[in-house]
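Colleague: I'm new to this one. Could you walk me through how to read a few of its features?

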Amino acid sequence: MEEMFLYLNKYTNIGYIKFCKIYKYLNGKIGDFFNLDRHDFVNIGIKEKDINNIFNNLKKYNFEKEKKELDKYGIKMCNILDADYPYLLSNIYDPPIMMYYKGKMIHNENSLAIVGARKCSNYGIKVVEEFAGYLSNYFSIVSGFAYGIDSIAHRSAIRNKKRTIAIMGVGLDRYYPEENKNLAQDILDNNGLLISEFPIGTKLLKSNFPRRNRIISGISSGVLVIEAGLKSGTFITANCALEQGRDLFVVPGNIYSKESIGANEIIKKGANLVTKPEDILEIMDMEI
């Protein structure tokens, strides 16, 4: 099964919706995937260009070589049929059919995403340190490994000796930003988790980050925004959270600061305004 998922994820345009069609066609016997012919894919409803892509790439696919490369970096795989695939993520509209990870994957984890501006203010730094430090006692803290609020959220959980999860926008054989390489190791040393939907060798592309952001919100019970520009990745993550039915929390920011324009707009759209970490626990009906 690993062989098929790795192939689909790296060499084809088969995402969750198309995978479900294939799964149904095979009556759940997904191990028969490589026995399908072109006629089968036509019957499934796969477009001709995608069928050509599937068969053309098979010529260069070597599972053993791919697996050996993953092992070299200590990278494991988790597909949507695995028992430890994160439950919350499996229930979004378009979950990854496979993810690469380092650390320990937990199926039914209680996690909260904390995201925000890369160029955060001193106010933002103070807020994220307080909120992430406190909330890490109740949740695994999820973020996007970026500069600013994300990195501080990860480090605040680590400082509290609690688990944190980094969702990456590149392959797990590299780091972005590269200066966060030590942070990645600190996350793993603290029983944390690194996750990427992207195969090794995947470089930094702007289009990777909206895909990453849906995982940040999708794997979490709720999303906390601390400072965000109006057209930022954080704003996208907040919209993903709303689409996925997640609780959305925002700490209000300075109305004269460009780092807070997006965050304050999200509040106007109906997000929960919070001014202390306990507010989140109360809204989520958790005991303090």
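**A loop residue, a cysteine and a helix**

Modeller: Let's start with T12, which sits in the loop between helix 1 (2-11) and helix 2 (16-25); helices (H or I, at least four residues) and strands (E, at least two) are DSSP runs, numbered from the N terminus. This is a predicted model, where local features need pLDDT of at least 70, side-chain atom pairs count only at pLDDT 80 or more, and totals for chains, interfaces and linings use all residues. Residues are numbered from 1 along each chain as its sequence is written, and side-chain values use heavy atoms, with hydrogens and water left out.

Colleague: Is T12 buried or exposed?

Modeller: Buried means under 20% relative accessible area, exposed over 50%, partly exposed in between (1.4 Å probe, protein chains only). T12 is at 10%, so it counts as buried. T12 also touches Y7, N53 and I54, leaving aside residues up to four places away in sequence; contact means heavy atoms within 4.5 Å.

Colleague: How many disulfides are there?

Modeller: A disulfide is a covalent bond between the sulfur atoms of two cysteines. Here the rule is a pair of cysteine sulfur atoms within 2.5 Å, and the count is 0. C20 is in none, as the nearest cysteine sulfur, that of C78, is 16 Å away. C20 is partly exposed, at 31%.

Colleague: How many residues of helix 8 are buried?

Modeller: In helix 8 (residues 149-159), 9 of the 11 residues are buried, so the helix is largely enclosed by the rest of the structure. Among the elements covering those buried residues are helix 7 (122-135) and strand 4 (140-143). After helix 8 comes K161, with a positive phi near 60°.
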